[in-house]
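Here's a quick briefing to read with the model open beside you. Have a look around first, then work through the notes.

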Amino acid sequence: VLPVPTEVHSDLLAAARALCGRRPGIAGILGTGSNACLYDGTHVVDHIPPLGFILGDEGSGAALGKRLVGDCLKRQLPPRITEAFLERFQLTPATILERVYRTPFPNRFLASLSRFVGEHLAEPALYALALDCFRRFFRRDVRPYPDSGRYPVHLVGSIAFHYQEVVSEAARLEGVTLGTIAKAPMEGLVRYHAG
């Protein structure tokens, strides 16, 4: 039996192949972190660095959680929302600061808090928070690509999937044409490699 050749590539190329197949487009990941690239149908040809949750990762679960925590602690949200949030996760301002600044993987902690936003999108303040986060993703991670308006933007990841309605509205407001939104890349990767 001959060995099967193995290739190792980035998660971004996997997302692009799963979402765009063999057609050019912009592929993005919205999960714990975020990332996007310009894809020519075969390769990633341009990539703006995501910069992690402190400097970037716009539209990610970590960014949503970071914004939620900041808005709660800086009294930017109605008190009843802040109280419900702290109660839901059994948090205090001190425990939040401890988790963010003194424990490993603060991005994962913040992303885990983003569920609260998704569960309360009927609250205008939280819908506006999510909408702003996704608009920032399109402005900072999609629009800077040359001729970005020529290509549909395809997204994969739990945040993209669970926030489809808000992501779609953000895309519309930013003049971005959305393509496929998928929760995970596997089905698209199987199609890509089988074809």
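What volume does the largest pocket have? It comes to about 270 Å³. Bear in mind that this is a predicted model. The notes below start with that pocket, then move on to the sheet, the helices on it and the nonpolar core.

**The pocket**
- The largest pocket has 13 lining residues, and K66, V69, V100, Y101 and L110 are the ones nearest its centre.

- Five strands make up an open sheet with mixed pairing, in the order β3-β2-β1-β4-β5.
- β3 (44-47) and β5 (178-182) are at the edges with a single partner strand each, so one side of each has no neighbour in the sheet.
- From one strand to the next, the twist averages 25 degrees.
- β4 (residues 153-156) runs parallel to β5, and three bridges pair them; L155 has I181 in β5 as its bridge partner.

- Six of the six residues of β1 are buried, so the strand is largely enclosed by the rest of the structure.
- Side chains in a regular strand alternate between the two faces of the sheet.
- In β1, G25, A27 and I29 point one way while I26, G28 and L30 point the other, and all are buried.
- On one pairing, β1 meets β2 in the antiparallel sense over six bridges, with A36 in β2 as the bridge partner of G28.
- A hairpin of three residues links β1 to β2.
- The pairing of β1 with β4 is parallel and has four bridges; here I26 sits opposite V153 in β4.

**Helices on the sheet**
- Helix α1 (residues 11-20) lies across β1 (25-30), β2 (34-39), β3, β4 and β5, and runs at about 120 degrees to β1.
- Helix α10 (residues 164-173) also packs on the sheet, where it touches β1, β4 and β5. The direction of α10 makes about 160 degrees with that of β5.

**The nonpolar core**
- The largest nonpolar core has 58 residues, and L68, F85, F134, F138 and L155 touch the most other members.
- Helix α8 (residues 124-142) is the top contributor to this core, giving nine residues.
- Setting aside neighbours within four places in sequence, F85 is in contact with L68, V69, C72, L91, I96, L113 and F116.
- In soluble globular proteins, nonpolar side chains tend to be buried together.

Technical notes:
Residues numbered from 1 in each chain as written. Predicted model: local features only at pLDDT ≥ 70, side-chain atom pairs only at ≥ 80, totals over all residues. Heavy atoms only, no water. Pairing = 2+ DSSP bridges. Helix = DSSP H or I, 4+ residues; strand = E, 2+ residues; numbered from the N terminus. Axes fitted to C-alpha atoms, helices over the stretch in contact; angles between N-to-C directions. Contact = heavy atoms within 4.5 Å. Core = buried A, V, L, I, M, F, W, Y, C linked by side-chain atoms within 4.5 Å. Buried < 20%, exposed > 50% of the residue type's maximum accessible area, 1.4 Å probe, protein only. 1 Å grid on protein atoms, 1.4 Å probe; cavity = no way out; pocket = protein on both sides within 12 Å on 5 of 7 lines; lining within 4 Å. Points joined across faces, edges and corners; volume = space filled by probe spheres on them.
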